[in-house]
Amino acid sequence: WLADQLGGKGDIICLNGISGLSTSEQRWQGAQEVFANYPEIKVLASPDAKWDYAEGKVVTADLLAAYPKIDGVWSQGGAMTLGAIEAFQAANRPLVPMTGEDNNGYLKVWQKLQAEGMKGIACAKPTWLAEVALERAIALAKGEEVTIDDIFPTAVFSDDELAKYVRP
């Protein structure tokens with residue numbers, strides 16, 4: 001989605017979760033595989049922001065100070081994208097296409113800023129995954145065999161579907 005928004009070229013920053021944590025590493029690996037198909041997209045920096053609002057805002061503010069041109073933000077989600085939006089606003093920089101997760105704070109701000117041209121996309125990390133994990137943990141504690149590498153569907157939505165997911 002981000003590569004399409006940028007027409008296959010531009011300078012981006014990437015906000016990762018926590019280095020060494022499998023979720024962060026796998027998300028980053030997937031992103032790098034996609035960016036490899038777009039040689040005119042340059043990743044300026046890819047620091048950890050720990051899926052945290054405050055870290056996302058500080059890291060993005062630092063990157064905005066370091067790079068006069070940022071065309072897009074690839075974020076693993078959590079609350080980092082909301083922090084990135086606020087860093088762009090504080091720096092009086094135009095908003096650029098940003099990726100994120102279905103954190104409702106991000107969704108509400110994104111919806112509000114659509115009138116100003118904000119473009120975004122988000123995927124949902126379903127809350128019911130916690131139930132699946134708990135059921136599997138209980139089964140393991142009982143000595144039962146469980147699968148651990150199941151892939152579950154994830155909702156992905158962009159500007160057109162945002163209103164369906166945001167909770168005012």
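**Entry 1: the largest pocket**

I looked up the lining of the largest pocket and found 43 residues. Thr23, Gln26, Arg27, Cys123 and Thr154 lie nearest its centre. I noted that this is a predicted model.

Next I looked up the volume of the largest pocket, which is about 1400 Å³. A probe the size of a water molecule, rolled over the atoms, shows where empty space is left.

Which elements each supply at least two residues of the lining? I listed three helices, α1 (2-5), α2 (22-35) and α6 (129-141). I also listed three strands, β3 (72-75), β4 (98-101) and β5 (120-123). Of these, α2 gives the most to the lining, with eight residues.

I then sorted the lining by class. I wrote down 25 nonpolar residues, 11 polar ones and seven charged ones.

**Entry 2: positive phi**

I turned to the backbone. Most residues other than glycine have a negative phi. I looked up two residues with a positive value.

Lys50 has a phi near 60°, although the residue is not glycine. I placed Lys50 in the loop between β2 (40-45) and α3 (53-66). Is Lys50 exposed or partly exposed? Its relative accessibility is 45%, so Lys50 counts as partly exposed.

Asn92 is not glycine either, and its phi is near 55°. I found Asn92 in the loop between α4 (80-90) and β4. Asn92 counts as exposed because its relative accessibility is 71%, and exposed means over 50%.

Methods. Residues numbered from 1 in each chain as written. Predicted model: local features only at pLDDT ≥ 70, side-chain atom pairs only at ≥ 80, totals over all residues. Heavy atoms only, no water. 1 Å grid on protein atoms, 1.4 Å probe; cavity = no way out; pocket = protein on both sides within 12 Å on 5 of 7 lines; lining within 4 Å. Points joined across faces, edges and corners; volume = space filled by probe spheres on them. Helix = DSSP H or I, 4+ residues; strand = E, 2+ residues; numbered from the N terminus. Nonpolar A, V, L, I, M, F, W, Y, C, P; charged D, E, K, R; others polar. Buried < 20%, exposed > 50% of the residue type's maximum accessible area, 1.4 Å probe, protein only.
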